[in-house]
Structure formats: structure tokens, C-alpha cells
Amino acid sequence: MLGPGPNTRVRRLPEKARYDADTINAILDEARFCHVGAIVNGLAVVLPTLHAREGRTLYLNGSNSNAVMKSVVEARRACVTVTLYDGLRLARSGFESSIAYRSVVVVGSASRIGDATDKARILNLFVDAILPGRASEVRPMSEQELRLTTVVAVSIDEASAKVSSGPTDDFEEDLDLPIWSGVVPARLHFATPIPSTDGAMAAGDVALPASVRRLMEQQK
Ligand SMILES: Cc1cc2nc3c(=O)[nH]c(=O)nc-3n(C[C@H](O)[C@H](O)[C@H](O)COP(=O)(O)OP(=O)(O)OC[C@H]3O[C@@H](n4cnc5c(N)ncnc54)[C@H](O)[C@@H]3O)c2cc1C
């Protein structure tokens, strides 16, 4: 169990809360990006960014001048959230109308990764988090790219998930109203790849890589 901890106890609708590592890790891994909160010049700033998970560590990266990363490293703590959009939950009342979602809040200690070899390895995790298998298809990272990038490790000290799914939560007195009610599931869909037309791609003889082919296959 990764929670509930002092900062991660779901108060509202606690029946939707999950604290087991399997549920939390699955949501973190399925999420394409996260939101990181930090205090910047006295303001609570929340920015979207990519993340990659390895065991109980969540990695973030940004340019060395990224204010949120700097603030997180200074505070030595971070709060990171992810949300998956699973569809519509259309109740008979506006009050109970909602969306289906799975979300996670992680609270943990944060530190900068200093070692260049570690950094290079972790940055490849981000490339594979964008598309599994892509890291081995792109050119290796240059020393300058490594130097310009800050990588932050957030230890998943405590975490909570909230899962909103299933039929609508209509009020008993609304059930006989002649108003359509139900759920409309949603899922992320990738359309047909559009190749670049510049440089070596202009000739049109660079084959679609295995990573993209797998992605297309999975959608069939
Ligand atoms: C896409 C989406 C839409 C939502 N829309 C609304 C809305 O319109 N109105 C509304 O009131 N609420 C909405 N929620 C729920 C909202 O995120 C909070 O859960 C809720 O507002 C307050 O819960 P709380 O009082 O328990 O949170 P707090 O007591 O403020 O939070 C305590 C701890 O509970 C945990 N927690 C709270 N919320 C979540 C969560 N969503 N996922 C994982 N852990 C959580 C965290 O660890 C947090 O630190 C939405 C959630 C999602 C994902």
C-alpha cells in the first residue's frame, strides 16, 4: 500500500479511493503526462510535463532554467498528479453529471540527479514512456543535451488514487424522469502516422519504425 499517508487521505467520496501499488502504478504508467505543483515567487504554479516511473521513483525533467523544477529541488518535496479521462457519466441531473476518470496524487521527496550516466539512462526512460521501444531507434543523446537538462527524482513516499467509474449516481427521486442517462466510454486513439517530409525523409524511403508499427497494431 502506498497510502493513505498524512498528505494523501481522500476525504470526499472515499469509496472511490485506492491506495494499492498495483492500481496506482498502472494509472501512473498509462498516463501520458503529469502535472507538477510548486511554489514559484509565492504563487502555487501547476505545470504539465512528462514523467517516467521506475519502481517507487517518479522522474521529471526540464531545462535547467525550469522554475518549477528548481522550486521542487529547493523544497526537496513534490506533489505530482496524473489523470486519465475514461468517458462521460451522464446523469439525469446536472448535479450528478460527471466524467469517468482515474487519477493519482503522489507526494514525495525530490532530488536532482547529478550523475551523467544516470541522467542519460533516465532520459531514455522518458523517450520510451512517450512510445515504448522508441529510445533504441533515435540517435544517442549529446553531452550538451544532457548538460542542459535537469532530471528530478521524486520518491513515491505516499500516494492515492481516485477511480470514478460505473453507472451514474442518480438520486432515487430522479430515476423515473424521462431523461436519457448512461455512460459513454472514451479511449485515446492514434490516427494514421504522417511522415516528416524534410531531410532524409524527403525521399520517402525511411521505413516506419517498429515502435510506431506496434502502436498501430495495438489499436486494431
Ligand atoms: C477529471 C476530474 C474531475 C473532477 N471534477 C471535480 C469537480 O468538478 N468537483 C469536485 O469537487 N471534485 C472534482 N474532482 C475530484 C477532486 O479531484 C477531489 O478529489 C475533490 O474535489 C476533493 O477531494 P478531497 O476533499 O478528498 O481532497 P483533499 O482533502 O483536498 O485532498 C486530500 C488528499 O486526497 C487525495 N486526493 C484528492 N483528490 C484526489 C484525486 N482526484 N485523485 C487522487 N487522489 C486524490 C490526495 O492525496 C490529496 O492530497 C475531479 C477529479 C478528476 C480527476
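Predicted model: local features only at pLDDT ≥ 70, side-chain atom pairs only at ≥ 80, totals over all residues.
View 1. Strands are DSSP runs of E with at least two residues, numbered from the N terminus. Two strands pair if DSSP finds at least two bridges between them. Glu 54 stands opposite Thr 57 in S5. Two residues lie between the strands of the hairpin, and Gly 55 takes a positive phi near 60 degrees. Residue numbers start from 1 along each chain as its sequence is written. Local features need pLDDT of at least 70, side-chain atom pairs count only at pLDDT 80 or more, and totals for chains, interfaces and linings use all residues.

**View 2. S5 also pairs with S8**. Seven bridges join S5 to S8 (residues 149–155), and the two run antiparallel. Leu 60 has Val 152 in S8 as its bridge partner.

**View 3. The shell around the ligand holds 15 residues**. A residue is near if its C-beta atom, placed from the backbone, lies within 6 Å of the molecule. Thr 8, Arg 11, Arg 12, Ser 103 and Lys 162 come nearest. Strands S7 (98–112) and S9 (158–164) each give two or more residues to the shell. S7 gives the most, with five. The shell divides into six nonpolar, five polar and four charged residues. Nonpolar means Ala, Val, Leu, Ile, Met, Phe, Trp, Tyr, Cys and Pro; charged means Asp, Glu, Lys and Arg; the others, Gly among them, are polar.

View 4. Five residues from domain 1 and five residues from domain 2 make the contact (C-beta atoms, placed from the backbone, within 7 Å).

Note on methods
Contact = placed C-beta atoms within 7 Å. Helix = DSSP H or I, 4+ residues; strand = E, 2+ residues; numbered from the N terminus.
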